[in-house]
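Subject: Structure for your review

Dear colleague,

Please find below the structure that I am handing over to you. My findings follow it, and I would be grateful if you read them with the model open.

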Amino acid sequence: WQTPYQLWLQKTGRAEVETTEVMRRGTALEPAARHAYEVETGNVMQPLVLQEGDYSASLDGMTLDGELIVEIKCPYKGQASSLWQAVEGGEVPEHYRLQVQHQLMVSGAPMAHLWVFDGHRGLLREILPCPSDFEAISAGWGAFAPFLVGDTPPPLGERDTRERRDAAWQQAA
């Protein structure tokens, strides 16, 4: 969701995390979604934050034995959402897949469940660890971490800037 520059701003305290209506809805539905997941699967899940070296992960749930984690998504449009449609079709969008791979890497769990919940019904997708994703995540963090340590912003990308030619900007310039 973020560019390296946007993440750097957040990690260095120069920008706050924006909370959108979609995020607030997901947070509000998460306990009900976890309960529905537990009823559906019989797994008892404990939410927690883990830290392993330079990495941390906020887990929506993990079994007490650490063998399974769950990532809960409550899309704003429910069953009409692109996420619901993708998971129903057997796919996991890349940004969610990488989020879960990061959680698997930090937790060491041998399996994760992605639980997509519409407020009444859920879809479950099993995700196994992928060592090549772990390598890519580690390489990405390795490239980003020096910007944090040096308190130097990473280069701006296309999504970090926008060109303006409107009358208000022309007048201000």
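I begin with a contact made by a serine: the side chain of S81 reaches the backbone nitrogen of W84, at 3.0 Å. Please bear in mind throughout that this is a predicted model. S81 is found in the loop that runs between β3 and α3. Is S81 buried or exposed? S81 counts as buried because its relative accessible area is 7%, and the cut-off for buried is under 20%.

T63 is found between β2 (residues 55-62) and β3 (residues 69-73), in the loop that joins them. With a relative accessible area of 13%, T63 is also under the 20% limit and is therefore buried. Its side chain makes a polar contact with the side chain of D65, at 2.6 Å. If neighbours within four places in sequence are left aside, T63 is in contact with N43, V44, M45 and L68.

I turn next to the nonpolar cores. The largest of them has 22 residues, and the members that touch the most others are I69, L104, V116 and I127. At least two residues of this core come from each of β2, α3, α4, β4 (112-117) and β5 (122-127). Which element gives the most to this core? It is α4, with five residues.

Finally, I describe the largest pocket. About 2500 Å³ of space lies in it. How many residues line this pocket? The lining has 49 residues, and W1, Q2, K73, H95 and Q99 are those that lie nearest the centre of the pocket. By type, the lining divides into 22 nonpolar, 18 polar and nine charged residues. Several helices and strands take part: α1 (4-11), α2 (21-41), β2, β3, α3 (82-88), α4 (94-107) and α5 (131-149) each supply at least two residues of the lining.

Yours sincerely,
A colleague

Note on methods
Residues are numbered from 1 along each chain as its sequence is written. This is a predicted model: local features need pLDDT of at least 70, side-chain atom pairs count only at pLDDT 80 or more; totals for chains, interfaces and linings use all residues. Side-chain values use heavy atoms; hydrogens and water are left out. Helices (H or I, at least four residues) and strands (E, at least two) are DSSP runs, numbered from the N terminus. Buried means under 20% relative accessible area, exposed over 50%, partly exposed in between (1.4 Å probe, protein chains only). A polar contact is a pair of N or O atoms within 3.5 Å; within protein, one must be able to donate a hydrogen and the other to accept it, and residues adjacent in sequence count only if both atoms are side-chain atoms. Contact means heavy atoms within 4.5 Å. On a 1 Å grid over the protein atoms alone, a cavity is a set of points where a 1.4 Å probe fits but cannot get out, and a pocket is an open set with protein on both sides within 12 Å along at least five of seven lines; lining residues have an atom within 4 Å of a point. Grid points are joined across faces, edges and corners, and a volume is the space filled by probe spheres set on the points. Ala, Val, Leu, Ile, Met, Phe, Trp, Tyr, Cys and Pro count as nonpolar, Asp, Glu, Lys and Arg as charged, and the others, Gly among them, as polar. A nonpolar core is a set of buried Ala, Val, Leu, Ile, Met, Phe, Trp, Tyr and Cys residues joined through side-chain atoms within 4.5 Å.
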